[in-house]
Amino acid sequence: MKNYFTIALVCVFVLVSCKNDAKKEEETTQKEEPKTEVVAKNNDFKHSLAQWSLHKPFLDGSLDPMNFAPVAKDLGFTGVEYVTQLYPSVRETGDNYKERVMTLANKLNEISKQAEMDNVLIMVDHAGELADPDPEKLKEAIENHKIWMNAAKLMGAHSVRANLFGELDPEKWHKLSVASLSELGAYGKEIGVNVIIENHGGWSSDGAKLAAVMKEVGMETVGTLPDFGNFCVKREGGERWGAPCVEEYDTYKGTMELMPYAKGVSAKSYNFDEAGNETKLDYGRLLQIVNDAGFKGYVGTEYEGPLEDPKEGIRLTKALVEKSISNLK
């Protein structure tokens, strides 16, 4: 009888010990979860450099735009975002445009490979307007952007950034934009390249209007490139660039509206205070919007300020992006 009693006590002791060990293991797991989550968030983002950040030295000849990839690498980036208007050979369309574009793409791809840099996207300018009310000009613009999509495929870039300039009437602009992007999106599906629209002036800087275009197109290969600083819808005298802004869309509302369709993000900056914060834009709030949308991938640094050395502005912007990401909730 004593033996049975002893065995029973041992069994009870073992069961209680196992239960306590399981509880401790569960508590340990629960305590470790937040740390794992924070690390995962930070690892969701990589850093690319938008070429426009260095447009002044590229345009004045003090830097060669062909060397953009190694310059970006030296500044601590792993990806590059090209701007076509910085390359004289493709600044204008016309004769041999396709050949000129593909020749440039091959050269840039070779240089980026040597520098071990990712080609992230190509920002296409001066290739025609994708909301042009003239049918012939619109057709030509669409074909020109297909050429750049071929270039992006060759270079391993996931997207071509286009503009939605042209028609001024918002309803006609919407219809033309949907038609153009639907055709380019179908072509992108064939070759594996996205066409993305930046809020870049005119109706594209109205977050609700651009989101409505995206919703109607409804294609995985058509998306947006939200830019933190390009929400000016109208400028004085109807100017596209340069003139003071007379109608500006809410930056945070617009970013939130465009993020569901985002294939990339442009972290635009202008000026910084002594603490290294952007004086116009709340980066913490903006990066939280980006994160809450479930975005993963490259965040593009795009400095556009008055510092004599743009590389210093680039460093400050990248540091602010990194700080904002580390403070995500």
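Lysine 209 is partly exposed, with a relative accessible area of 29% (buried means under 20%, exposed over 50% and partly exposed in between, with a 1.4 Å probe and protein chains only). The structure is a predicted model, in which local features need pLDDT of at least 70 and side-chain atom pairs count only at pLDDT 80 or more, whereas totals for chains, interfaces and linings use all residues. Residues are numbered from 1 along each chain as its sequence is written, and side-chain values use heavy atoms, with hydrogens and water left out.

The side chain of lysine 209 forms a salt bridge with that of aspartate 206, at 3.3 Å from N to O (a salt bridge is a side-chain nitrogen of Lys or Arg within 4 Å of a carboxyl oxygen of Asp or Glu). Aspartate 206 is buried, with a relative accessible area of 8%. The count of salt bridges comes to 16.

In another of these pairs, the closest N and O atoms of lysine 268 and aspartate 227 are 3.2 Å apart. Helices (H or I, at least four residues) and strands (E, at least two) are DSSP runs, numbered from the N terminus. Both partners are buried, lysine 268 at 1% relative accessibility and aspartate 227 at 0%. Glutamate 248 and lysine 280 also meet in a salt bridge, at 3.4 Å from N to O. Here glutamate 248 belongs to strand β8 (residues 245–248) and lysine 280 to the loop between β9 and α9, 32 residues apart. Glutamate 248 is partly exposed at 43%, as is lysine 280 at 46%.

Aspartate 132 is found in the loop between β3 (118–123) and α5 (135–155). Aspartate 132 is buried but has no salt bridge, and the nearest side chain of opposite charge, lysine 137, is 5.2 Å away (Lys and Arg count as positive and Asp and Glu as negative; His and the chain ends are not counted). The side chain of aspartate 132 does reach the backbone nitrogen of aspartate 134, at 2.9 Å.

At the start of α9, a side-chain oxygen of aspartate 282 comes to within 3.2 Å of the backbone nitrogen of glycine 284. Glycine 294, which follows α9, has a positive phi near 85 degrees.

Definitions and conventions
Polar contact = N/O pair within 3.5 Å; in protein donor to acceptor, adjacent residues only side chain to side chain.
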